[in-house]
Amino acid sequence: MAKNPVKTTSVHLTDEQLLILDQKCDSKIQTEIDNAKARIKAVKKYPNLEPHLAKLLADILVHAKKEQKLIFRDTTTHHCAVCQRGKGFFARKEDRPLLAIELEHSFVTIKNHISVGGCRKCVMAIIEPLKKELAKLKVELPEQLAGPVTYKRYEKVRCTKCRWNGHEGEMGLKPTFFGDGTYRATCPNCHSENSFGVGPIIRNKKEYVVVKEKAISANAGQMAINR
Ligand SMILES: [Zn+2]
Ligand SMILES: [Zn+2]
């Protein structure tokens, strides 16, 4: 038997209903309430956007602030939870899936499922205000969303040999086994490196840091002009 058997109930609440629970529940539910507040605020802030699109904008910004990294991946879905297109979809052969865009940086891709984003129509409808808001944040962005200043998210690491603390972007580069590129492998302080067979000397900390990227694209443009 469970240690502390408490009966719970799952319900679907609107953003306005969630507000009634503000400051009355545990932190997990409070996070949902805070997200609802952000959506309600966005609807007021963007009167020119349809409410469901303003809410999508708010959801993306909440996610961007939390994860500090977004992607922009073309995918498909049978149902857009933002505009409700394709709702009640039956798997008929003639029903083509909707083109969609996923913004959550994640290693797991579930077919026909969007985590953060929506159908292409919905995401493209907010792309300009979204880019404007994202430009105010320190977030690693794909080129479709990036502004003039770009950031990169790195995982924090520490060297167990010399106790150096830093992030992956500061580690020394080594050529890959096949010689087709380089990867971050060495401690910049004591030059220890991770190698197969030995436990990792430079360990990942599952924490992240977001740093301003060097203006690579601007320099590349300059070189093209000089040529
Ligand atoms: Zn949609
Ligand atoms: Zn070291």
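Tutor: A residue is buried if 20 or more other C-beta atoms lie within 10 Å of its own, exposed if 12 or fewer, and partly exposed in between, with C-beta atoms placed from the backbone. This is a predicted model, where local features need pLDDT of at least 70, side-chain atom pairs count only at pLDDT 80 or more, and totals for chains, interfaces and linings use all residues. Residues are numbered from 1 along each chain as its sequence is written.

Student: Which residues of α2 are exposed?

Tutor: Helices here are DSSP runs (H or I, at least four residues), numbered from the N terminus. In α2, A36, R39 and A42 are buried. Seen down the axis of α2, these buried residues fall within an arc of 120° (taken from the directions from the helix axis to the C-beta atoms), so they line one face of the helix. On the other side of α2, the exposed residues are S27, K41 and K44.

Student: Thanks! What do the buried residues of α2 pack against?

Tutor: Contact requires C-beta atoms, placed from the backbone, to lie within 7 Å. Residues of α2 including R39 and A42 meet residues of α3, among them A54 and A58. The buried residues of α2 pack against α1 (15-19) and α3 (51-67).

Student: And at what angle do α2 and α3 pack?

Tutor: Axes are lines fitted to C-alpha atoms, for helices over the stretch in contact, and angles run from 0 to 180 degrees between N-to-C directions. The axes of α2 and α3 are 8 Å apart. The angle between α2 and α3 is about 130°.

Notes: Chains lettered and ligands numbered in written order. Helix = DSSP H or I, 4+ residues; strand = E, 2+ residues; numbered from the N terminus. Contact = placed C-beta atoms within 7 Å.
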